[in-house]
Amino acid sequence: MDNNRLNFIYKLNHIVNENEVGTVEFELAKFFLENFKSVTRWNIYQIAEEQHVSRASIRRFAKQLGYENFLDMKKNAETFDDGINEFLKFYGYSDFLPKLQANITSLMEELSLRFNTQEVDRLVRLINDSREVMILCSSNITGSVKTFQQRMVIFGKRITLLTSKSDLTLALEHCQDPLIIVFSLSGLFVSSMLEILKEVKAPTILFTNNRNPIYNRYFDKLYHLSSQTHEKEINELLYYTYGIDFVLDLLFNGYLLKFKREGNGHAL
C-alpha cells in the first residue's frame, strides 16, 4: 500500500491551511480539493491555463506532495472512491441520531472492558519511562493524536507524530530505542511499515482491528479495539473517531494521575 495514497487529501488541506491566499501552493491545493472528483479528467495543460501557472509549477507541486510527477498524482486521486459507499451506508439516513447513539454506547462499553485500569497503567508507565515516544498513524486520525500530543507536552512529555514511512526512517536515524506506538485500525497503514519495523529493537505497540497473525511477529503488544463478538454491532467508521479519542483520553488521564501522584513527570 502506497502511503502517499493515505496522505493525499491531508496534505492538500494542510497546504491550504498553512499557506497564504494567492500563493501558487495555496491556489493549486484549493483547485485540486474543489475539483477532486473530476481532476483525473484534466491534463496539465488545462490546469496550467485555468490556474495561470506554469506546467513546471504543477510538476513541482506534485513532487512536493510526494509523487514522481503529475500523472502519478492523478493516478493516486483515482483510488479515493472506495470509502464512499461505507460513509453513505452509515451516515446517509434520516434516522441517524438513534443509530449513532446505539453504536457509541456499544463502543464505549466494549472499550471500557478492553482497556481496564491495569492496561492503561501499563501503557502510561511505558510512555513515562521512555525518553523518546513516537506515534505512527495515517493522516485520517492525526487530529486526535495532535490533541493528545499537545496535552502531553503541557505535562512535560514530548511525543513525536509520524505519518509516513519516510518520516519513520528519518526519525530512527536520529533516535535510539524509542517507544513506538502505531494506530492502524484497518491494517493498511501498518502493512506499509512492516519492512522498517521488523528491524526495530525498541518496544513496539499496535492498536488495530485487524487480526492478521503476522503482527505478533513485529509487535511486543497488540491491542484490538474491536472484539470479534461485537464487530457487527458497531460501525467500523466510529473506531476512527470516538474509539481513537477514547483510548487517547484514557492514556492522558492515566498519565496525568501518575504525574500528580508520583511527581516524576519530566516537567518537574
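The model is predicted, so local features need pLDDT of at least 70, side-chain atom pairs count only at pLDDT 80 or more, and totals for chains, interfaces and linings use all residues. Residues are numbered from 1 along each chain as its sequence is written, and side-chain values use heavy atoms, leaving out hydrogens and water.

**Stop 1: strand E4.** Select residues 204–208. Strands (E, at least two residues) and helices (H or I, at least four) are DSSP runs numbered from the N terminus. In E4, 5 of 5 residues are buried (under 20% relative accessible area, 1.4 Å probe, protein chains only). Thr204, Leu206 and Thr208 cover one side; Ile205 and Phe207 sit on the other.

**Stop 2: the neighbours.** Val182 stands opposite Leu206.

**Stop 3: cysteines.** Pick Cys137, buried at 0% relative accessible area. Then pick Cys175, buried at 16%. The structure holds 0 disulfides (cysteine sulfur pairs within 2.5 Å).

**Stop 4: the cavity.** Select Phe8, Phe32, Val39, Phe70, Met73, Lys74 and Ala77, which line the largest cavity. Helix H5, residues 70–77, gives the largest share of the lining, 4 residues. The cavity's volume is about 30 Å³. On a 1 Å grid over the protein atoms alone, a cavity is a set of points where a 1.4 Å probe fits but cannot get out; lining residues have an atom within 4 Å of a point.

Notes: Buried means under 20% relative accessible area, exposed over 50%, partly exposed in between (1.4 Å probe, protein chains only). Two strands pair if DSSP finds at least two bridges between them. On a 1 Å grid over the protein atoms alone, a cavity is a set of points where a 1.4 Å probe fits but cannot get out, and a pocket is an open set with protein on both sides within 12 Å along at least five of seven lines; lining residues have an atom within 4 Å of a point. Grid points are joined across faces, edges and corners, and a volume is the space filled by probe spheres set on the points.
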